[in-house]
Amino acid sequence: MRILVVEDDKDVAGFVVKGLREAGHTVEHADNGRDGLFLAASENFDAIILDRMLPGGIDGLRLMETLRAQDNTTPVLFLSALGQVDDRVKGLKAGGDDYLTKPFAFAELLARVEALTRRGKMDGPMTRLSVGDLEMDLLSRSVRRGEQKIELQPREFRLLEYLMRHAGQVVTRTMLLEGVWDYHFDPQTNVIDVHVSRLRQKIDKPFELPLLHTVRNAGYMLRAEEV
Amino acid sequence: MKETAADGTAAGKARKPGYRRLVRSAGRRFAVLYALMFGISTCLLAVSLWYSTIGLVQRQVENAIHSDDLALTALAQPPDGNLAEVAEAIATRVLSPADVGSIYLLVDGAGKRVAGNLDSWPRGLTEMNVWYQLPVSRDGTESVALLRAETLPGGAKLIVGRDVRVRAQLWRVLRNGLIWTGFLMVVLGVVGAIVIRSIFRRMVRDISITSRAIAKGDLSRRLPVGVGEEFDELAVIINDMLDRISRLMDGVRQVSNAIAHDLRTPVTRARTRLEDAALHAGSKEDMQAAIERAIQDLDGIVGVFEALLRIAEIEAGSRRAAFASIDLTQTLWDMDELYRAVAEERGLHLRAIINAPLPVFGDRELVQQAVANLLDNALKFSAPGMTIDLSARLEDGVVQIVVADRGPGIAPADRNRATERFFRAEAARNTAGSGLGLALVSAVAQLHNGTLQLFDNNPGLRAVICLPSRE
């Protein structure tokens, strides 16, 4: 994937760029708003990681508004030290696709960026999802693995749906809280782990090949092959 | 009457010069207003007094003359009436002691005096049937009389009147009295205005002296209450504001201290780990493990900062702008579902009794977080086999959300302080946590104009969030 990083802090930018390249992405970097806007408008990217506060007269919000005004729909992930709820809402309302507050764990950033680019490709209506021999019918809201039908609670169904839509990607606990429960804060208790382990009981326990994997220091991933 | 009116406005005349300069000061404006009201009411009083005394006397005299006149005219009416009879009646009346002060004059068609006690036809009396007040000569003495003349059948003319010297005296006395009163009123008005102005200035001075002291940093000062209802109201409002400011200041001070003290521990831990790894780590794995744990420590510190910022954001009240009418029933069932799994995992029993409807005007996300914090706490302090209760209901216009556990609870002495930032009860010293959870819950409740109360659950803690219901 081609990713544009617009970030003025050298350390953060270097860290992010290095990490993304290690994950196999092509990365361009701009350290001010003007260059960032020029790159974003003139070249094609799969995603843009954008700092809110930038030098060079054009801040992150302006940059994105300008892009959107030019009908550029490249997914944008805001990276900002402005962590208040208002700031997040403002960023998302202006057309941002996701918002991550500094400081952040790289795993979280990577997972979210990859989820963003995936989101762009899944625009068409889908009725079936499948990972390996696990199949989900979104119309009849039924799940089966191989020949066996799996009974899920409504919330477990949504959790699995989210994981299947992001199959092959790391999904962090925060992403699950936001995407499945619509909670925008971190509970002190390991609530997500418990729910994932319950889901694992139902979809993996009776079968030979595990699908739902725990990714250390990051989150979870649903995929057919061994990690 | 004209004189009295002039008396009343005497004060007004004195106020005219420099009026603009006067009204620039609020104190003077009140004083002038007071004097003005005082003057107007005095004028009204004088006018009504004048009318009710002098007017009454005048009307009585007029009535008496009129009835006299009628009686005498009747005697002159043909066929049996004649001038001689009228003259006789007049003569009788002039002599009667009851009619002292009565004035009569009857002249025949030729203008010759026939009867009466007036020496001659008064000068100035020209029109018939009109009231005159003229100087007359009566039996040789000069006097003032109220008179009315009339033509009798046959061309004779009759004057009937009353001596009004006595009335004129009364008039003079009353006028003098009113002039004096008017003068006194002016003096009282001016004195009153000065007194009012000085009272006003003293009240304002109290407020300004206190405010100045507060502005200089003495936040313990408060405005005096008990000066007067309106000023008290103002003073109470200002005092409330000062209380709030001082609480906020205390909060800031306390938080800065707490940050300095409480964050030192995890920072020290992270630093030690990193330094230790740098100096002693034998292998790459050791190094990696040390770094990972240091990152965890730092994440914990970041978490504390985030919670602090969140609380500050909530306390600033800016999120009220995003308030909406919501029902918490489904929200709470969702929380129950989210936490039930964890509770079961830990061998706890989560019992939820949520009675719809739970209408609230507020921020769903914040209420979620508040309840999540309470549930986190309950889970943290419960041992396997214990029960946690989550209940919610609408009662008397208040939505009550209760989270009760059977853990160690909070000692009564600590309960009031439990919602302070960084406060950690003795029993909680050994568990993980930042001491910010309840502070956030309390801030959320207050943002919704509600309260967070902590009770003994015998044993355990019973946390009650009360939010005013939306109407």
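Which residues of α3(B) meet L83(B), E85(B), V86(B) and A89(B) in α4(B)? Before I answer, a word on the source: this is a predicted model, in which local features need pLDDT of at least 70 and side-chain atom pairs count only at pLDDT 80 or more, while totals for chains, interfaces and linings use all residues. Residues are numbered from 1 along each chain as its sequence is written, and chains are lettered from A and ligands numbered from 1 in the order in which they are written.

The residues in α3(B) are L72(B), L75(B) and A76(B); contact requires C-beta atoms, placed from the backbone, within 7 Å. Helices here are DSSP runs of H or I with at least four residues, numbered from the N terminus. By class, six residues of this contact are nonpolar, none polar and one charged; Ala, Val, Leu, Ile, Met, Phe, Trp, Tyr, Cys and Pro count as nonpolar, Asp, Glu, Lys and Arg as charged, and the others, Gly among them, as polar.

I turn now to the contact between the chains. Chain B gives 19 residues and chain A gives 17 residues. On the side of chain B that touches chain A, the elements giving two or more residues are α8 (284-316), α9 (329-345) and α10. The largest share, seven residues, comes from α9(B). That side divides into eight nonpolar, three polar and eight charged residues.

Finally, L50(A). Leaving aside neighbours within four places in sequence, L50(A) is in contact with residues including V6(A), G60(A), L63(A) and F78(A).

Definitions and conventions
Contact = placed C-beta atoms within 7 Å.
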